[in-house]
Structure formats: structure tokens, C-alpha cells
Amino acid sequence: MAEVWDAVVVGAGIEGSATAFHLAKNGCRTLLIEQFPLPHSRGSSHGASRIIRKAYVQQHYAQMMNEAYPIWEQVEQETGTQLYIKTGGMLVGPGSSEQLAQTEQSLAGAGSEFERLSSDDLKLRFPNLSFPADYRAVLDPEAGVLKADKALRCLQDLFVKYGGRIHDEEKVMRIDPGDVVTIHTSKSTYKTRKLLLLPGPWAGKLLGPLGLQPPLKPVRISVLYWREKGPGTYSIKKGFPVFMDAAHLYALPSLEYPGIFKLCYHSGPAIDPDDRDGFAGSRGNQEIVRMMCDYVRKHFPGLESVPAIQESCIYTNTPDEDFILDCHPQYRNIIIGAGFSGHGFKLAPVVGKLLCELAMDKQPSYDMTPFSLSRFHNTATPQAKL
Ligand SMILES: Cc1cc2nc3c(=O)[nH]c(=O)nc-3n(C[C@H](O)[C@H](O)[C@H](O)COP(=O)(O)OP(=O)(O)OC[C@H]3O[C@@H](n4cnc5c(N)ncnc54)[C@H](O)[C@@H]3O)c2cc1C
């Protein structure tokens, strides 16, 4: 008789690894399956750094961040690894920007501190930035940098420490739903009471055959790095914070490459995740790089205005940029986490906790309405062969 797992998690990105960690910690016998050899750089969770912040327009995320910080701290303590560097974070935009006003409201509503910088304060505190006179900023003192690749590794290590098993280089090819779900991979067949699908940009490919077609759009993000004219100008040592512009741009002080600053556009062309690099030379991508060169020239006078390094990553966007965290409407023992829309890394510890609660038939700790599958029309594919 084949062994029946308590839970199988598909996808060892940050969301699948965090979910597997919570399941194993709660005593579930859990298998984590990943299609690529670990670690890899083909999905959404690779690279050395991600922004962590409490500054969110949507209050539900601002509330969840109050819990994400202590869980990250617990992971740091359990593994003896520093994952969070506190730098503070700045959101800039025109004084009239609704995003700035809503972010302040949301931070206040979640009981978090923030500081408001006028245009003059902005010039005084950050002389290496150049913004129009009507621009202002909100400062989130708790924001900072998460060491992303280390965070991913730590969650996987803790998962194994709590008794979990990881099978990488093994692709899930077919899923047969039932009271006990059967999973066919490129190497073997497994049976499980609960299946948790966290396939990142490949979600559409696994959900379609299960009769679901939520509006998920994988997009290619150009990760652009810019050389500082004077090394260290925008560094953590000099007190430069993580940075967001209401016009959909973000930046992190230099970390992965000394003297080189990461500044990216928060959007990109729609792609097939199996052909990510086929889109690198696309017109959509070239236009973004050109637009970013203009932006750097205007607002970051301390950077050379041609990117020094270009890398790739993928977002999986939903139309409202809220995640999908829900059970399959027909097969309640199949649980889905998808559509992390370019902002899911920092929240992974809470995402994992919520999906673990769904898998263990516990009452979720947060209102799940914003994350429901049913908020989208036509989620089910009527013609799907189930
Ligand atoms: C450039 C960039 C910058 C970002 N910046 C930030 C930031 O500053 N702050 C923040 O909070 N978030 C940020 N994000 C978003 C965050 O990184 C993502 O939301 C998060 O990494 C999504 O993780 P995931 O586990 O859903 O996806 P992935 O990391 O892609 O993991 C999914 C995994 O599933 C595996 N898989 C898929 N199909 C199968 C199958 N059939 N069989 C087996 N395995 C399978 C894949 O190989 C993959 O490893 C950024 C993202 C990018 C791309």
C-alpha cells in the first residue's frame, strides 16, 4: 500500500516553503515537491533582497505585517541567521497622491508609526534625490531589506528539521482529486489527504486541468541595477532607506553588488513562464528600460543612467493585486495559494500560516474575503475534464 502523506505542497518558492514549514511545525507529515533543482532562479523567489514594510494602502496587509515581522524574527533565532536589515522605507509621490494619503491612514489604522516628510524635509534629508517641489514622502521606520535567498533557505532547513521531506527536480504532471489525492510526478506517484498548490507563475498550468481558470497573469520583471557615481551614495551605511515611488517604482540600497543600486519598475510584459527569457529583448521590455534610464537621470543624480546589470524575475498578478488563498470550490482538500502580485515575499510567513490553518481545518486567523477565488467571475472552466 502506498504511503499516504498528511500534506503534499507543490512549489518550493517562498510561499510553498513557508507553508510547508508551518505544516511540519504543526506535526503534519509533509512532502514538498519542486520541479527544478534547488536553489533555482526561474520563478519569483530568487535573488538576495526583497523589501519588507508595513506601509500598505490595504489595511489587511498592514495588519498581517504586524504578525509577519515576529515570525521572521523567530526564523532568524531558530536558524541563527540575520534575515532582516532595518533601513526604514520611503514612499514618495506628488502631495496630492491618494496612495500616500491611504498609506498613512492604513499605517495609523494598524497602529504603526510613520513620519510625514514635506518637500523641504525630503530635500534636506535626502540631498541625493531630486524631485519636483510638489513632491512629499511618508517614512515607515520599520521597513527594510529581507535577505531573500537566505530566508528561503532557512524556511526549507527548518521544514526539514521539523521532519518534512523535500523532493526537488521532480515535476508534478497530473493530479487526481479524491478524498485521498493522487499526484503523478515526473518520477513517482504520491497519495495525500491534503494537497497545497503554490506553483507561482505556473499556477495556471496546474489549475486548468482541475477546472479552474482564475485571472492570473505572469509578467516578466526586469531587475535593473545601477552603478553609483560615488560608491556608497545610496547605501545602507549612509542611511539610505528602501524606496518606493507612487509611480510604480521601487529601489533597495546596494546589497548584492557593492556600489550598485537596485531600482526597478513594478510591471512588465505578460509572458509564458516556460519562455521567460524569450521576452528579454521584447519591445515592451526595451521600453521599460528606456523609461527607467530617464527616471534615473531625473531623480537619482548620483547614479549612472544606464543599467550596469540586468536580471529577470516573474510576478504573477491578479487584477486586484490581492492574493488567492482558498480551497478548491469542488475539492476542499486541495488548497491554493497563488497570484502574489509582486508583493508576497514579506508576507510569506503569514500566508503559510493561513494555508496551514485551511489544511488543518482550523478557523483562519484573518478574514479570508479579500483572498477568495469566488471574487473572480468565470473562475471555473466548464469544459474542463476533471
Ligand atoms: C523582481 C521582483 C521583486 C520583488 N520584490 C518584492 C519585494 O520587495 N517585497 C515583497 O514582499 N515581494 C517582492 N516580490 C514578490 C515576491 O518575490 C513573490 O510574491 C514571491 O516570491 C512569490 O513566491 P511563490 O512561491 O508564489 O512563487 P515561486 O518562487 O515562483 O515558487 C513557485 C515554485 O513552484 C514550482 N513549480 C511550479 N509548477 C510546478 C510543478 N508542476 N511541479 C513542481 N514544482 C512546480 C516552481 O518551479 C517554483 O519554484 C518581488 C518579485 C520579483 C519578481
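**How many salt bridges does a search of the whole structure find?**

The search finds 19 salt bridges. Here a salt bridge is a side-chain nitrogen of Lys or Arg within 4 Å of a carboxyl oxygen of Asp or Glu. Side chains of opposite charge can pair when their charged atoms come close.

Before you go on, some ground rules. This is a predicted model, where local features need pLDDT of at least 70 and side-chain atom pairs count only at pLDDT 80 or more, while totals for chains, interfaces and linings use all residues. Residues are numbered from 1 along each chain as its sequence is written, and side-chain values use heavy atoms, with hydrogens and water left out.

**Exercise 1. Find the salt-bridge partner of Asp-157 and work out how the two sit in their helix.**

Step 1: the partner is Arg-153, with the closest N and O atoms 3.2 Å apart.
Step 2: both belong to helix H5 (residues 148-161), and because they are four residues apart there, about one helical turn separates them. Helices (H or I, at least four residues) and strands (E, at least two) are DSSP runs, numbered from the N terminus.
Step 3: check accessibility. Buried means under 20% relative accessible area, exposed over 50%, and partly exposed in between (1.4 Å probe, protein chains only). Asp-157, at 38%, is partly exposed, whereas Arg-153, at 53%, is exposed.

**Exercise 2. Locate both ends of the salt bridge between Asp-274 and Lys-205.**

Step 1: their closest N and O atoms are 2.8 Å apart.
Step 2: this pair ties together distant parts of the chain, 69 residues apart: Asp-274 lies in the loop between strand S16 (260-265) and helix H7 (283-299), and Lys-205 in helix H6 (residues 203-207).
Step 3: Asp-274 is partly exposed at 44% relative accessibility, and Lys-205 is partly exposed at 39%.

**Exercise 3. Describe the surroundings of His-184.**

Step 1: leaving out residues up to four places away in sequence, His-184 touches Lys-171, Val-172, Met-173, Arg-174, Asp-176 and Thr-189, where contact means heavy atoms within 4.5 Å.
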